[in-house]
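Hi,

Here is the model I promised to pass on.

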Amino acid sequence: MGMRRWILLLGAVLAIACAFGCSKKVTGLKANQPPVTRLFLAGPIDTISYRVRLHWSGDDPDGDVAGFEIQFQPGDGAFVDSAWKRTTAVDSIFALPIPNGAATFTFWVRAIDNQELRDPRPQHLLLNLRNRPPHVEFINIPRRPQGGIYRFLPVLSLQWSGTDPEGANTIRSYHLWLDGGTFDTLLTQSDTVLTLRMEHFGDVSVERSRTVYLSVTDEDGAVGDTTSFTWTVKPYTVGSPRVLLVDDYFEGTDNKLTEQDNMYRSVVGALTGNRYTIYDVQDFNRFRFSRDAAELLRHFDVIVWYNEGGALPLNLVAAVDPITAFLDAGHSMYLSALSVVGQDQILDGNFHRHYLGVDSTFCADVRNPQVPDCNFTLTARITVRSGNPAAPNDSLAVKGLGNNVDFYTTTDSTVKELYVPYDQAGDDTTLNGYVRADHVCAVTRTLPSGGRVTFASLPLYKMIRFGNRDAVVTRLVGSIVQNARTRPLRTHNSR
Ligand SMILES: [Ca+2]
Ligand SMILES: [Ca+2]
Ligand SMILES: [Ca+2]
């Protein structure tokens, strides 16, 4: 550590007249007398912090003290003629470099008189200084709900907390880097969160175990221990357009593929030649931050998001603003979820109205409009009729029961109705008198941005009675993929 590194933190120039001697002395023919230097330390002389305040002064028997020269030497070293530094200060706080716990320095000072004569006997003080290293650790580390090593697509927000025995404000910087040299950055004391972007990961086409490292340095050069976090980065696979399939449906704890899981994987696989990225929410956990969703969605043109069970698709909540930005940028989304409309509404009204085409007064139960409960049960008597007159054979029907179907109204003329209820037998006790002709359970809408949203609020995977389920779902998802394919791809930047 070069001695040039000591820092004059506070040039507290107390250059009031008396500091340099109060009265002029008559200089006769006698040779000029050298000045005399005094040095003192504020506080005890045992081991002290690396920030040390020193005071010095001088007197001249036949003139004035015009200034001082100071220097530090390691250990109890003698002064070095070439190392003097001139100053008019008489009081300063120094921060000496102590990267390894403790160190000894000798401070030297000598007064200079008004004829540039130096005190031939400079004063010195031996200083035993210490600095303890800082510490850093990741906080809010992501977890896998079912245990084991965390896994996620190549996006991750990291948070950390730094401390230092000399005070958290003495932290100078953080150093964060990914293994393999794909990312390396130096951050300031105030940076305690960072989102790793896909570009930081290097090759993301295959699953890889990655480790991120973090170390901390204080203002005096002491480096704390390095902490790290290791997780599995799942592959980013895309064709054209770039499709993200969000499997937001799960049951049990073993993440077995369910019927809807198999259906959507098969449909999206066929539409993309198996070039798509899967976000399995049960496996990867939910988005931890909205910014993670924004960063991930930047790399896709189409989102196919399904949760056809009774549970709320909670992962949508963190993602709703990024999805809005995604759609406003002209991209397209297919969303199939039973618990988005109605009493359990988890998305805000603006999103319902402007993106899903759900009327703000949605109410399926006309007999009890105070309770916006849209949970209907489909029986084998009920046909969900295609809203497309050109494709009457697309009507769907369950085999068995379909619960929690959300029927709702829409008044937006830009919304195209895809599926409406139709009481085939005319005597169904569940739907009769509840669902009106203007109710819908699947709509599509082309947005002013050119993007398209298709929203279905029924369990499509159960609509197998007519044997056309896969063809219908392929058509619904396919029109979203096709909309993206026929549009010029543009870079969607959420920042
Ligand atoms: Ca003199
Ligand atoms: Ca420290
Ligand atoms: Ca699943």
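This is a predicted model: local features need pLDDT of at least 70, side-chain atom pairs count only at pLDDT 80 or more; totals for chains, interfaces and linings use all residues.

Residues are numbered from 1 along each chain as its sequence is written, and chains are lettered from A and ligands numbered from 1 in the order in which they are written.

**Overview**

The chain has six helices and 30 strands; these are DSSP runs numbered from the N terminus, with helices being H or I of at least four residues and strands E of at least two. Of its 495 residues, 39% count as buried, where buried means 20 or more other C-beta atoms within 10 Å of the residue's own, exposed means 12 or fewer, and partly exposed is in between, with C-beta atoms placed from the backbone. Among contacts with a separation of 6 or more, 76% come from residues 24 or more positions apart; a contact here is two C-beta atoms, placed from the backbone, within 7 Å.

**Sheets**

Back to Ser49: E3 and strand E9 (residues 123-131) run parallel and are joined by two bridges. Two strands pair if DSSP finds at least two bridges between them. Both strands belong to an open sheet of five with mixed pairing, in the order E3-E9-E8-E5-E6. Its edges are E3 (48-49) and E6 (85-87), each pairing on one side only.

Another open, five-stranded sheet with mixed pairing has the order E11-E17-E16-E13-E14. There the edge strands are E11 (151-152) and E14 (183-188), again with pairing on one side only. Inside that order, E16 (residues 208-218) and E17 (residues 227-233) are antiparallel over seven bridges, and Ser209 has Thr232 in E17 as its bridge partner.

Further along, strand E22 (residues 375-378) runs antiparallel to E25 with three bridges, and Phe376 stands opposite Val405. Four of the five residues of E25 (residues 402-406) are buried, so that strand is largely enclosed by the rest of the structure.

As for Val477, leaving out residues up to four places away in sequence, it touches Val267, Val268, Leu271, Val304 and Tyr334.

**Helix H5**

Last, H5 (residues 349-356), where His352, Tyr355 and Leu356 are buried. They cover an arc of only 110° around the axis (taken from the directions from the helix axis to the C-beta atoms), which puts them on the same side of H5. The buried residues of H5 pack against helix H4 (315-328) and strand E30 (452-456), whereas the face turned away from the buried side carries exposed Gly349 and Asn350. After H5 comes Gly357, with a positive phi near 75°.

Cheers
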